Amino acid sequence: MALPQLAPPVSTPAELSSGRAALSSRGLREITFASLLVLYALLTVGVLVYPSPVLDLDRWWLDLDLWGNYPQYHWFVEHYVMLGQRGPATLAFLPVFAYVAWRRRSTAPLVMLGTSLLLLNASVGVVKYAVGRVGPRDTSDVHQVFTSGTLFPSGHVSNTVVLYGVLAMVLPRFRRLIVSGVVFLCLTIGVGTIYLRTHWFSDVVGGWIAGALVLLVLPEVMPYAQRWTDRAIETIRERRDHARRRQLEPAVATADQGNSTPVS
């Protein structure tokens, strides 16, 4: 007797729509990542090859002499760009990530912050040391590369993109407001570093792109980072519980011996 054939499960319109949206979002992210990666490579080539339009733009911004023409803004700009400095900015917003993690009873916000900073340091650091570019404070030569310099891309600007971008990710309720603030901060801090002559214009553009690449790849890396973190926490708990049990064993054995002593 032949068994009746079961009809395949039929997806509801809502499930189909959700699946298409997820695929569309991931596909758009992959296309954006590939496009920015190509742009990043072209920008890097433009920095390394002389002459190039990239270096011409760097020279144009240097010739504006923003600091020399507007010295009255120096004190404000010097302190304002600290909003993008990795150490102070991360420490300032670390309580926010910790609070969100506590409210959600999840380590995910802190793991996301740590993972993003690790990705940023690794990806930006490699390019910095490979290019070896010197900044406008030390030279007027826009093409001084393969030296001890570490200015391309701007870690200051890329950190601004990543830190406040991750903040927008963990606070979806305020995402639009934070994204608007992120765009403003990235633009103004980038121009501020040019004003202070700590970076060339192409360093700033490279920092924008490098930060955006980290934000785009972060959702793909997060499941692995979260899994490793959960395993590490579980291992620490197991070892702690094991150590406690070993500490209690002598006391339990002594108590058992006392209870088993015959009464004369």
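Reply: Helices (H or I, at least four residues) and strands (E, at least two) are DSSP runs, numbered from the N terminus. This is a predicted model, in which local features need pLDDT of at least 70 and side-chain atom pairs count only at pLDDT 80 or more, while totals for chains, interfaces and linings use all residues. Residues are numbered from 1 along each chain as its sequence is written, and side-chain values use heavy atoms, with hydrogens and water left out.

For orientation, the protein chain has nine helices and zero strands. Of its 264 residues, 36% count as buried (under 20% relative accessible area; exposed is over 50%, partly exposed lies in between; 1.4 Å probe, protein chains only).

Helix α5 covers residues 86-104, and helix α6 covers residues 108-131. The axes of α5 and α6 come within 8 Å and cross at roughly 150°; axes are lines fitted to C-alpha atoms, for helices over the stretch in contact, and angles run from 0 to 180 degrees between N-to-C directions. Therefore α5 and α6 are roughly antiparallel to each other. For such angles, under 35 degrees is roughly parallel, over 145 roughly antiparallel, 65 to 115 roughly perpendicular and the rest oblique.

On the α5 side, the residues that meet α6 include Arg86, Thr90, Leu94, Phe97 and Arg104. Among their partners in α6 are Pro109, Leu110, Leu117, Leu120 and Asn121. Contact means heavy atoms within 4.5 Å. By class, the contact of α5 with α6 has 10 nonpolar, two polar and two charged residues. Here Ala, Val, Leu, Ile, Met, Phe, Trp, Tyr, Cys and Pro count as nonpolar, Asp, Glu, Lys and Arg as charged, and the others, Gly among them, as polar.

Asn159 sits in helix α7 (residues 155-170) and is buried, with a relative accessible area of 0%. Leaving aside neighbours within four places in sequence, Asn159 is in contact with Gly84, Gln85, Arg86, Thr90, Leu117 and Leu120. From Asn159 to Gly87 there are 72 residues in sequence, but 9.7 Å in space, C-alpha to C-alpha.

The structure holds seven aromatic pairs. One of them joins Tyr99 and Trp102, whose ring centres are 6.0 Å apart and whose planes are at 35°, so the pair is tilted. The rule is that rings of Phe, Tyr and Trp (its six-membered ring) pair if their centres lie within 6.5 Å; planes under 30 degrees apart are stacked, over 60 edge-to-face and the rest tilted. Tyr99 and Trp102 both lie in α5, three residues apart, about one turn of the helix. Tyr99 is partly exposed, at 46% relative accessible area, and Trp102 is exposed, at 52%.

Arg105 belongs to the loop between α5 and α6 and lies over the face of Trp102, at 5.0 Å from the ring centre. For this, NZ of Lys or CZ of Arg must be within 6 Å of the ring centre and within 35 degrees of the ring normal. Arg105 is exposed, with a relative accessible area of 62%.

The backbone of Arg105 also deserves a look. Most residues other than glycine have a negative phi, and most peptide bonds are trans. Arg105 has a positive phi of about 55° although it is not a glycine. Phe146 is in the loop between α6 and α7 and counts as exposed, at 57% relative accessibility. The loop between α6 and α7 also holds Pro153, joined to Phe152 by a cis peptide bond with omega about -5°.

The axes of α7 and helix α8 (residues 175-195) come within 9 Å and cross at roughly 175°. That makes α7 roughly antiparallel to α8.
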